[in-house]
Amino acid sequence: MKHLFVSLLLLGAFLHALAQCAAPASEFQLEGDYLLAGLFDIHHDNSAVKQDRPEAIDCSSKPFILSSYRRFQLMRFSVEEINNSTKLLPNVSLGYEIFDHCSDIQNFPGILKLLSVDGLIQPWGEPHKNLSKVMAVVGTYTSTQALTVAPLFMMDLIPMVSYGAASSVFSRKQNFPSFLRSVHPNKEVIEVIVNIMQHFNWSWVAFLNIDDDYGNDGRDLFIKRINNTDICLAYTKGLNKYTDHSKIFKQIEAQRIPIIIVFAPEWTAEDLINEAIKLNVTKKVWIAGDAWSLNKELPKKKGIKNIGTVIGVSEPKMTIPGFREFIYSSKSQTYCENEEQNMLCNQVCNCSSLSAEEILAVDPSFNFPVYSAVHAIAHALHNALQCESGRCNSNITVYPHMVLAELKKSNFTLLNQSVTFDENGDPNFGSYSIVFWNQSGDAEEIGFCHFHPKFHFFINDTKIQWNTKEKVPTARCSKECEEGSAKTQHGIHKCCFDCEICPKETYINKTEDSYKCINCKETEWSAAGSTSCNLRLVEYIPFTDSGAILIMVGAWALVGLTLAMSVLFAINYNTPVVRSAGGPMCFLIFGCLSLCSLSVFFYFGKPTTSFCILRFLSFLLFYTVCLACFVVRSFQIVCIFKIAAKFPKLHRLWMKYHGQWLVITAAFVTQALLLLFGYTFAPPKPSNETFWYPDKIILGCDITLKATFGPVVLLLSLCSLCFIFSYMGKDLPKNYNEAKTITFCLLLLILTWIIFVTEYLLYHGKYIQTLNALAILSSLYSFLLWYFLPKCYIIIFQPHRNTQEYFQGLIQNYTKTISQ
């Protein structure tokens, strides 16, 4: 009797279970007016498949991914939520057919089933007549999976909204016209990672990525993004199941790389971190990509604290209202999967042992992208069916391309997020959180990065507990240069460099280019090792300078003296002293000395081109006439006392053709031509002297050798002739000292310019202009005071020596002396 009762009880339980399984209850399928497809890798195929005949892969035999199963449940919840809504798709129900897409290349039976109509695929049929019953596809998770199956959906413009495929290739609409995604592309994740690096001033990093389309795209974007920054990629390696982790960590340690960026899905990252713990890799900073930064198991793993500090980029943790209740309700139900019928389509999941708590506690990454993808499709279908009035138009036949058109125009609010897509099908919504794996094993939010509507990046450094005892780790190949030093790269990495102090007249601006010393402008100066240039002090002699005033007063005094002497000589024109001094030639000398004094005034004030021309032109031209006059006068003195007695014929020719005026005219014309040619080809111009004084600009005039060589040589020649002729008369009568006076004046002239040239070679300040003007004034006064003033003294105070008899007596006595 007892055995019979047990048998009946078991039979009742079997019949009850049979009744439950008889119903078409499955987590993978739901009937509805419009069908959505879902592709989720609930299991993951990470092993090489070797087969001798074609067959579909059995996903259920692969490693189970709990986080992907949660996303799978989220699609189911989203569809149920929409079906229960009275505002979105009223009187229309959504159905779904979801596949466990665990393999990149071997899950095509499910894809082909989605694309077929009544089990038949007609690739060459007429448009719209062979379309599948699927309105849109949610998935896939990885970029490689999407690249494998997306072209099949693109052919008939069936919208495919991925919640995880982040590779940049999907932004190319010419290749993927009906592909959209609710997850941010890799470009934005890389942007956040680079901003983290720059925030902490890290420049010496390793980049480890999964060796597939997703990881390689992230690596390429990272290399492109860090171009023209201070960040250097010291080491990079693609990860796969054959990777020798020990070798990777040895190479990283050999290059002393403290920062490791891991751009890989969770299963690849788990293998890497587990090996790091096993190999005792310590004191590193790990930058986690958004695919594994919210991993729930790794932060609590034994030994995880020894590997260093983990900072990650993740989606913000969002609570989806009603999802928790849905999971509890769902796990209380019994689902019977017909394994024999559905194995080839991968719609079997032996997940009955999972509790609701396990599902809700798993990594929440990519949950909102799944949720927003389903809602975006629902809103697009809502608009295509013209459901704004409260009921959908059942007379409209909706095709997938119509849903695609509305998807591109998406603009609705979901959990306070404005869901829109850009022209590439990438999301214009969402943001990133920056997380830190704290001591409790939780991913604590320490910052954020917003891309829309504008970029905003923030990190709260105080929340991070570094493995270096509260000190931010450094990550550099070379120690940073001191202020005022430029970097000189050695090797292939710009982060590896030597430091060289920038020389004077240059500076370094690290914000612009830390590898180059920039030359200061001509109006600026800098000492060695400067970070900026200083304005030079502009110096010149103004007219109000005390030295300038004294020299200009001296010039006016010279003009006054020459005018007074001219009047005195004019009154005593027929006296022997005036005639012996040169007669009419004296007035020419007085005039030229006055004109020469004008050049003094052009040495003061801010130099201009006209000032530079006039300060040299008037002196060189008119002083040539003065020297020519004294050359002639010296020659005449010698001629009178010596040549006339010995060479009377030569003396007669000289007197007949007025040789003195011919010589003076020739000297004047020659000097005028030399100055004309010189100033034509190389005119004097203002110059800024910056060589001798680094902090000053000495304003002056640039006189080239081409412009002054000829005129100066002519002056020196005249001076030499004058000296020779005057020296020949050194033995003339003691009381008749014309030649001696000229010789003395010439010696003063030569001494003046020797002193000035010496000062010019030794001193290069602004007062060299004053000294130049003083040398000119001294040259003028040397003849005026030492040649003409004694004669004025004789005319005024010794008139007895200014008689014809006195001069004739001197000449007769000297003639008798030399004839003996």
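C499 is partly exposed, with a relative accessible area of 39%. Partly exposed denotes the range between buried, under 20% relative accessible area, and exposed, over 50%, with a 1.4 Å probe and protein chains only. The model is predicted: local features need pLDDT of at least 70, side-chain atom pairs count only at pLDDT 80 or more, and totals for chains, interfaces and linings use all residues. Residues are numbered from 1 along each chain as its sequence is written, and side-chain values use heavy atoms, with hydrogens and water left out.

The partner of C499 is C481, and the two form a disulfide with sulfur atoms 1.9 Å apart. A disulfide is a pair of cysteine sulfur atoms within 2.5 Å. The torsion about the S-S bond of C481 and C499 is about -90°, so this disulfide is left-handed. C481 sits in the loop between β16 (456-459) and β17 (485-489), while C499 belongs to strand β18 (residues 497-501), so the pair ties together parts 18 residues apart in sequence. Helices (H or I, at least four residues) and strands (E, at least two) are DSSP runs, numbered from the N terminus. C481 is buried, at a relative accessible area of 6%.

The structure holds seven disulfides. Another of them joins C520 to C533, with an S to S distance of 1.8 Å. The link of C520 and C533 is left-handed, with -80° about the S-S bond. C520 lies in the loop between β20 (513-519) and β21 (524-525), and C533 in the loop between β21 and β22 (534-535), so the pair ties together parts that are 13 residues apart in sequence. Both C520 and C533 are buried.

A further disulfide is formed by C612 and C701, whose sulfur atoms are 1.9 Å apart. The torsion about the S-S bond of C612 and C701 is about -80°, so the disulfide is left-handed. This pair ties together parts 89 residues apart in sequence, because C612 lies in helix α17 (residues 609-646) and C701 in strand β25 (residues 696-702). Both C612 and C701 are buried.

C592 counts as buried, at 5% relative accessibility.
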